[in-house]
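This report looks at the salt bridges of one predicted model and at the parts of the chain that they connect. Please have the sequence and the coordinates at hand while reading.

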Amino acid sequence: MTVVHDDPTLVSEEGPILATEFESIARAVERETEGVQVELIGGRLGVKRAPDGDHGRILNWLLLLLMPLNPGLFLHVIGQGLAVGSYRKGRARPDGILAPPDAFAGAGEWAAPDAVVMTVEVTSHDSDTNRRDRIDKPIAYARAGIPLYLLIDREAGKVVVHSQPDEDGYQDVHSYAFGRAVSLPEPVGLTFDTESLKDMAD
């Protein structure tokens, strides 16, 4: 296995790395390297470092916001892996997954995204966040048929709502500056205030 030029696409002598090969690599990295998780999105190896305190605070805020919405949905923030992308060859660990409370019971480390209503990512202060959270993941989540993708972009100071997924990505994308009301379309169907994010996004 080698890394080609500056592109962290994993290849072997037989071609792009298989999802099953990646899973073995991911287990080894996570066992040997504290605070690091790896993902395979669009054939590219991505590294997620341990989140900072504000990152976790934002996810807790969102969890409490969504909790009374529907007893049949819960924001999972435990690092559950999802098989995503075309033909589910990708492997992602969203920061949050809105799905039924028991959606991942018995599913293992990399679950099918069939029950997922929305994935959530909060940008991190690392060099890979632009490509990972703003470019690669929207495409992978859309191709997996996940209805909504919510990006809380700390660097840009905005919330981005992606909906209407197809093979090319999400067809409807709306950005809201922190402090504005954000509307999540169905199947969530919720409007919420984001004023609190101004103090949590440092």
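A salt bridge is counted here when a side-chain nitrogen of Lys or Arg lies within 4 Å of a carboxyl oxygen of Asp or Glu.

## Basis and confidence

The model is predicted, so that local features need a pLDDT of at least 70 and side-chain atom pairs count only at pLDDT 80 or more, whereas totals for chains, interfaces and linings use all residues. Residues are numbered from 1 along each chain as its sequence is written, and side-chain values use heavy atoms, with hydrogens and water left out.

The pLDDT, which is the predictor's confidence in each residue on a scale from 0 to 100, has a mean of 83 over the chain, and 79% of the residues reach 70 or more. Over residues 1-14 the pLDDT stays under 50, and the model has 25 contacts beyond four places in sequence for this stretch, a contact meaning heavy atoms within 4.5 Å. Where pLDDT is low, the predicted coordinates should not be read in detail.

Arg93 lies in the loop between strand E8 (90-92) and strand E9 (96-99), and Glu109 in the loop between E9 and strand E10 (110-111), so the pair ties together parts that are 16 residues apart in sequence. Helices (H or I, at least four residues) and strands (E, at least two) are DSSP runs, numbered from the N terminus.

Arg93 is buried at 5% relative accessible area, while Glu109 is partly exposed at 30%; buried means under 20%, exposed over 50%, and partly exposed in between, with a 1.4 Å probe and protein chains only.

Glu155 and Arg134 form a salt bridge whose closest N and O atoms are 3.6 Å apart. This pair links distant parts of the chain, 21 residues apart, with Glu155 in the loop between strand E12 (148-153) and strand E13 (158-166) and Arg134 in helix H3 (residues 129-143). Both are partly exposed, Glu155 at 38% and Arg134 at 28%.

In the salt bridge of Glu167 with Arg143, the closest N and O atoms are 3.8 Å apart. Glu167 sits in the loop between E13 and strand E14 (169-177) and Arg143 in helix H3, so the pair ties together parts 24 residues apart in sequence. Glu167 is partly exposed at 44%, as is Arg143 at 36%. Through salt bridges that share partners, Arg134, Asp153 and Glu155 are joined into one network.
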